[in-house]
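Here's a friendly walk through one protein model. Have a look at it first, and then we'll go through some of its parts.

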Amino acid sequence: MRSVIWVSFTLAFTYLNFWPTPIEPKRWDSPKNAGYIGAFRQNSSLEELTFLDISGTHGPEGLALGNDGMIYASSKQGWILKHNPRTGGIDRWLTTGGRPLGIAVDQESNLLVADAFLGLLSISPNQTITILANRVNGSPIKYANDVDIAPDGKIYFSDASTKFGALEFGGTYEASLLDIMEHGGHGRILVYDQKAKSTTILIDELNFANGVAVEDRGRFILIAETGSYRIIKHWLQGDRKGQREILVKNLPGFPDNIVRGQNGRYWVGLVAPRSFMIDALSQFPWVREIIQRLPSIFRPTIERYSHVFAIDEFGNIVSSLQDPNGSYQGVTGALEFNGWLYVSSLFEDRLGRRDL
């Protein structure tokens, strides 16, 4: 009996400490989670959502307002959906054949798509799909995440992780969990120059690069660094060109998309509250590696809590809409249009909206 116990213990010890895992966790100092206080104090404003059917799809992750007055949404099944705010209808417009996430519209009414499986795409009004970028400096773009366009025509988009590609690791959600668990600085912000037809790296070594939003005059870009719970401001013009600052830090959740709103607002979705396990083990990479070897039920996962907030260009919180019950799960962002706030989601089979 003792020999059986000894062998079992030896096998378990060997497995938990030496079995290969895809992650190589890095030590980092997680900021203490202040929780829902101050500008983020709990409220139930997001319980007032009404819902729109999204044509048998789910995961309306990204939203964009078209020059035709239509609202476009991406979905997990690869469909780009078109919503008519006047009639309330939503139709399947086309499929990219990949996993479209963040979307934006350029001056020629082309839909720009950060497709996690395919790279940066441009879709013309007649539905012609063109791959603008799927590599940079010889490196594949494995997880295109969000996109926006500057007044000068340059396209800024995030590559969430150069190590944990969305297609390679079983999907966007699965790959994001691995990247956040490792905290290895694999994210980057890329720039596509339409005139030169070239892609360059603007910023790298980010912990899961996510939402991007360019200021309407092109002075700066805002970036959501999901794995570090913060919003970064990077200057594109002026005396501070090339400099960056932490605009909002120590958020109570994981920031996702950033979308320009009205009157200088930028809407940010918090896809889930912070994970106590990830914070507590930030300085214990070997423990995170052991946890990764355990069944998935023992690993960090998304908790239900609906939250979207707005900031100004100085990082002031000007609005915070929440639903502690998480009735609309996995909020990724929001689009402000014509008195309505349309709310996107990583998981839901409907599109939420709130009368502002």
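## Ground rules

What you see is a predicted model, where local features need pLDDT of at least 70 and side-chain atom pairs count only at pLDDT 80 or more, while totals for chains, interfaces and linings use all residues. Residues are numbered from 1 along each chain as its sequence is written, and side-chain values use heavy atoms, with hydrogens and water left out.

## The nonpolar cores

A nonpolar core here is a set of buried Ala, Val, Leu, Ile, Met, Phe, Trp, Tyr and Cys residues joined through side-chain atoms within 4.5 Å. "Buried" means under 20% relative accessible area, "exposed" is over 50%, and partly exposed lies in between (1.4 Å probe, protein chains only). The largest core has 38 residues, and Tyr143, Leu222, Ile231, Leu251, Ile258 and Ile311 touch the most other members. Several elements supply at least two residues each, among them α2 (172-182), β17 (220-225) and β22 (306-311). The top giver is β21, with 5 residues. Those labels come from DSSP runs numbered from the N terminus: helices are H or I with at least four residues, strands are E with at least two.

Now zoom in on Ile258. Skipping neighbours within four places in sequence, Ile258 is in contact (heavy atoms within 4.5 Å) with residues including Leu222, Ile231 and Trp267. There's also a second, separate core of 23 residues, which includes Leu52 and Phe337.

## Two open sheets

Strands of a sheet pair through backbone hydrogen bonds, either parallel or antiparallel. Here, two strands count as paired if DSSP finds at least two bridges between them.

Another open sheet of 4 strands runs β12-β13-β14-β15, with antiparallel pairing. Its edges are β12 (144-149) and β15 (198-206). β12 is joined to β13 (residues 155-159) by 4 bridges, and Asp148 stands opposite Tyr156 in β13.

## A buried arginine

Is Arg274 buried or exposed? Arg274 is buried, with a relative accessible area of 4%, and it is found in the loop between β21 and α3 (276-280).
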